[in-house]
Amino acid sequence: MPRSKIREAIRSYMDARPDEAAFLRSEFDGCGETRSGVDKAIRAMIQDGELIRVGYGAYVRTRHMISPVTKQLTIGTTVAPAVWAKQTLRKLGADPQPNSALRDYNEGRTTQIPMWLAFDIGRSRIRRKIAFKKQVLIYERSTPNTPN
């Protein structure tokens with residue numbers, strides 16, 4: 001089966017950015033002449049396990065690995081969920097900061113390690129669901145302290 005030129009353009013775009021794991025759909029607009037052609041190439045890359053869709057218009061690089069539990073071939077992300085989630089939020093225009101539970105742990109106010117994926121996004125208006133498998137990104141919105 002012949003490879004798509006759009007698919008090769010998307011792959012070369014990703015290869016030119018080895019430090020990035022998360023990509024938005026809008027980043028691939030220049031890879032093809034039509035939006036439908038780019039969408040079709042992205043769907044094919046998801047089908048082949050080159051990308052994972054983590055939200056509306058958000059994709060993450062993948063890696064293939066053998067599960068230590070089931071000994072089956074599985075697909076995972078190339079970096080930890082906290083890394084690609086932070087990259088995705090930055091590309092969406094938010095400034096992700098550690099959430100309140102992580103700040104409390106880092107400052108020694110608690111010994112409980114937060115086990116969920118959450119970021120403080122300040123006053124950002126992001127509402128979209130970002131998730132991979134059972135790991136769902138939780139938004140915490142804090143406003144800067146204003147003096148009374």
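Colleague: What share of the accessible surface of the protein belongs to carbon and sulfur atoms?

Modeller: This is a predicted model, in which local features need pLDDT of at least 70 and side-chain atom pairs count only at pLDDT 80 or more, while totals for chains, interfaces and linings use all residues. Residues are numbered from 1 along each chain as its sequence is written, and side-chain values use heavy atoms, with hydrogens and water left out. Accessible areas come from the Shrake-Rupley method with a 1.4 Å probe, and for residues only the protein chains shown count as cover. The accessible surface of the protein comes to about 9,900 Å², and the part that belongs to carbon and sulfur atoms is 52%.

Colleague: How much accessible area does the nonpolar surface patch that includes Trp116 have?

Modeller: Patches are made of residues with over 30% relative accessible area and no salt bridge, like charges being joined within 9 Å and nonpolar side chains (Val, Leu, Ile, Met, Phe, Trp, Tyr) within 5 Å. Tryptophan 116, in the loop between helix 4 (100-106) and strand 6 (118-120), has a relative accessible area of 48% and so counts as partly exposed, given that buried means under 20%, exposed over 50% and partly exposed in between (1.4 Å probe, protein chains only). Together with Leu102, Tyr105, Ile113, Met115 and Ile138, Trp116 forms a patch with an accessible area of about 630 Å².

Colleague: In what order do the elements of the protein run from the N terminus on?

Modeller: Helices (H or I, at least four residues) and strands (E, at least two) are taken as DSSP runs, numbered from the N terminus. On that basis the protein has four helices and nine strands. From the N terminus on, their order is α-β-α-β-β-β-α-β-α-β-β-β-β.

Colleague: Which residues of helix 3 are buried?

Modeller: In the protein as a whole, buried residues make up 37% of the 148 residues. Helix 3 spans residues 81-91, and just after this helix glycine 93 takes a positive phi of about 100 degrees. The buried residues of helix 3 are Trp84, Ala85, Gln87, Thr88 and Leu89.

Colleague: What is the relative accessibility of lysine 71, a residue other than glycine with a positive phi?

Modeller: Lysine 71 has a phi near 60 degrees and sits in the loop between strand 3 (58-66) and strand 4 (73-77). Lysine 133, with a phi near 55 degrees, is found in the loop between strand 7 (131-132) and strand 8 (135-136), and its relative accessible area of 63% makes it exposed. Lysine 71 also counts as exposed, its relative accessibility being 59%.

Colleague: How far apart in sequence are the parts that arginine 7 and glutamate 50 tie together?

Modeller: Arginine 7 forms a salt bridge (a side-chain nitrogen of Lys or Arg within 4 Å of a carboxyl oxygen of Asp or Glu) with glutamate 50, the closest N and O atoms being 2.6 Å apart. Arginine 7 lies in helix 1 (residues 5-15) and glutamate 50 in the loop between helix 2 (35-47) and strand 2 (51-55), so the pair ties together parts whose separation in sequence is 43 residues.
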